[in-house]
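Please look through the sequence and the model shown below before reading on.

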Amino acid sequence: MSDEVLIIGGGFAGLAAGVALAKAGRRVRLLEQKPYLGGRARSFYHAPTGSVVDNGQHIFMGCYHSTLEFLETIGTLDRVRFQPRLTVHFADRESGLTSLEFPSLSAPWHLIAGVLKSNSFTLSEKLQVLRLGRALCTADSGNPPRDFERLTVDSWMARLGQSERLRRNFWGLLCIAALNEDPSIAAASLFEPVLRLALFQSPADSRIGLASSGLSECYTEAAAAYIRSRQGTVEFERNVTGLILSAAPGNPRLDPSALDSAENGAIDVHQPLACRGVQLSDGTVIEAAAVLSAVPCFQLTRLLPESLLRSASFFAGLALMRPTPIISLNLWFNREVTDLEFVGLRGTTIQWLFNRGKILNSGEHYVSLVISGAHNYIQHDKEDLLRLALAELRELFPAAREAKLEHSLVIKERFATFSPSIEAAVARPSASTPIRGLYLAGDWTRTGLPATIESAVKSGYTAAAEILQAG
Ligand SMILES: Cc1cc2nc3c(=O)[nH]c(=O)nc-3n(C[C@H](O)[C@H](O)[C@H](O)COP(=O)(O)OP(=O)(O)OC[C@H]3O[C@@H](n4cnc5c(N)ncnc54)[C@H](O)[C@@H]3O)c2cc1C
C-alpha cells in the first residue's frame, strides 16, 4: 500500500487539506466526482449574458485566518478585495438607507465608536449593542454559562437584553448571513464565536472581503496546480461509492462488495476497524494508508456501511444533520439599481443585495439577491420568487422602478449547509475517527465555527495535521 493520502472531494476543505499535505511533503491523490472543483463555492460561465456567475455570493472576512493563509500559499490572496474597514449599508421601508461603519481605532473602540455614530440604530438600540459587546468582552469564553449549549441565538440575544426589533433588524440578519439559519433555530454556541471573531477582535478582522473574480478563479485551479507541482494528482469524475473497511489489525481486507452486506455481519462495527482505501462507481478500487473524506455530511452517509451509522457510534450524529437551503436570484437590468456594493435588507424576504457588476468591475447592471435559511421558499417556483424579489427591490431602491429586467437566473442550493441547530452543533464529529486511517474534513465537522469557507479550510488543515502526526 502506498503512503499517499487519498482525499475525497475538491471543495475548500479537500483542497486546503491537499495543499497542506503537499506542502509538508506528502503525496496527495484527490478524487472529485464532478468535472470541476469548488463544490458549494464555485463559479461558472453564463452563456446568455456572458457573465461569470457564482453558485451564490460568498463573503470572506478578515477573521478568516486559515482561508487567508490558504489563499496566500497558493498565490491568489489578491483575488479577494477587502474593505479598508467594516462598512455595511442597510435598507428598509421605514428608514431608507442607513449604515454602520467601524472607524480605524483599536478594539473595542472601533465597535463602540462605529455603533454610536451609526444611523442604523436608535439610541436605546446602540446601548443594547454595547451592552452585548461588554458581556462578550468580559465573559470567560472557556467557561460559558452551564446551559449555553442549549440556547438558540434568539433566546441568547433576549437574555442579553436585545430588543425584539434589534434582534429582527440586526442580529437576525447577521445570524442568517453567517449561520444560514433562522435565529430561533440556530445554536448560540455557533453565533458567539462569529461575533467574537468578526466584531470584537480587531478592526482588520471585521472587514468584509469579496472575490473580485468568479469564485472558482480564486482558488480551485491554483490549489490543484500547487498539489500537482508536488507530485500529487487531482482527478475529475472519480465518484467514490464506498470506503473499504476491515477489522483492524490483522483481519483480511474485506471485498468491497461486502460493504453493502455489512449489516448482515460482514463487518462487526463494534470491533476496531481500519480504512484501506475507496471504491469508485466504475468498480475501481484504490488503496491508501490514509483516506480523508472531505465530502458534505449528506454524502458521507452514503460511503459508510448502514450498520455503522445505526450503531451508537462516532458516526451516529450524522443522522442529526439536516440541510438548509440558500436561494440566489441573479438579475441583469438595463440600468443601475444602486451604486453600493452590497446592502442588508430589513423587513423583506430578500436579505442581502450584492451589486455583482460593481464587485466584478464588469460594467454590467447585474445584482444578486440572497435568501438564506430558505426553508419556506425552496419549494416556490422560480417565477414566484422572481416576482417577489422584484417587488421588494422596487420598494427599497427607487432606481429599480425604472430599470428593465433583461435576464434572470435563479439558483437553488438545497443542501447549501447543515442547519446549525442545537442538536447538530454538538453532534459534529472531529477530524480523527475511531476507524484507523480514516479522517474527516468539511465545513460541517467539529471546527467550532458555522458552515463557512473558514470552517471548511480550518477543517482541512486540522485533518492534514492529524494525518501528518500519525506518520
Ligand atoms: C449559496 C451559498 C452561499 C454561501 N455563502 C457563504 C459566504 O458568504 N461565506 C462563507 O464563508 N461561506 C458561504 N457558504 C458556505 C461555503 O460555500 C461552504 O461552507 C464551503 O464551500 C464548504 O466547502 P467543503 O469543502 O466543506 O464542501 P464542498 O464545497 O461541498 O466540497 C465537497 C466536494 O466533494 C465532492 N464530492 C461529494 N461526494 C463525492 C464523492 N462520493 N466522490 C468524490 N467527490 C465527492 C463534491 O462534488 C464537492 O466538490 C455558502 C454556501 C452556499 C451554497
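## A residue and its surroundings

Leaving aside its neighbours within four places in sequence, phenylalanine 397 is in contact with Ala91, Val337, Thr338, Val343, Leu345 and Leu353. These contacts, like everything else in this report, come from a predicted model. Phenylalanine 397 itself lies in the loop between α13 (382-396) and α14 (398-402). Is this residue buried or exposed? Its relative accessible area is 5%, and because buried means under 20%, phenylalanine 397 counts as buried. One of its contacts, valine 337, is 60 residues away from phenylalanine 397 in sequence, yet the two C-alpha atoms are 6.7 Å apart in space.

Two other contacts of phenylalanine 397, Ala91 and Leu345, are themselves bridge partners, with leucine 345 belonging to β16. The strands concerned are β7 (residues 87-92) and β16 (residues 342-345), which pair in the parallel sense over three bridges. Strand β7 also pairs with β8 (residues 96-101), but here the two run antiparallel and are joined by six bridges. Between β7 and β8 there are three residues, and the two strands form a hairpin, in which aspartate 92 stands opposite glycine 96 of β8. The table sets out the two pairings of β7.

| Partner of β7 | Sense | Bridges |
|---|---|---|
| β8 (residues 96-101) | antiparallel | six bridges |
| β16 (residues 342-345) | parallel | three bridges |

Why can β7 be called largely enclosed by the rest of the structure? Five of its six residues are buried, so the strand is largely enclosed in this sense. As background, side chains in a regular strand alternate between the two faces of the sheet.

Helix α16 (residues 453-470) has 18 residues, and the distance from its first C-alpha to its last is 26 Å, close to the 26 Å expected at 1.5 Å a residue. Its buried residues include Ile453, Val457, Tyr461 and Ile467, and among the elements that cover the buried residues of α16 are β1 (5-8), α1 (12-23), β14 (290-293) and α2 (65-74).

Notes:
Residues numbered from 1 in each chain as written. Predicted model: local features only at pLDDT ≥ 70, side-chain atom pairs only at ≥ 80, totals over all residues. Heavy atoms only, no water. Buried < 20%, exposed > 50% of the residue type's maximum accessible area, 1.4 Å probe, protein only. Helix = DSSP H or I, 4+ residues; strand = E, 2+ residues; numbered from the N terminus. Pairing = 2+ DSSP bridges. Expected span 1.5 Å × (residues − 1). Contact = heavy atoms within 4.5 Å.
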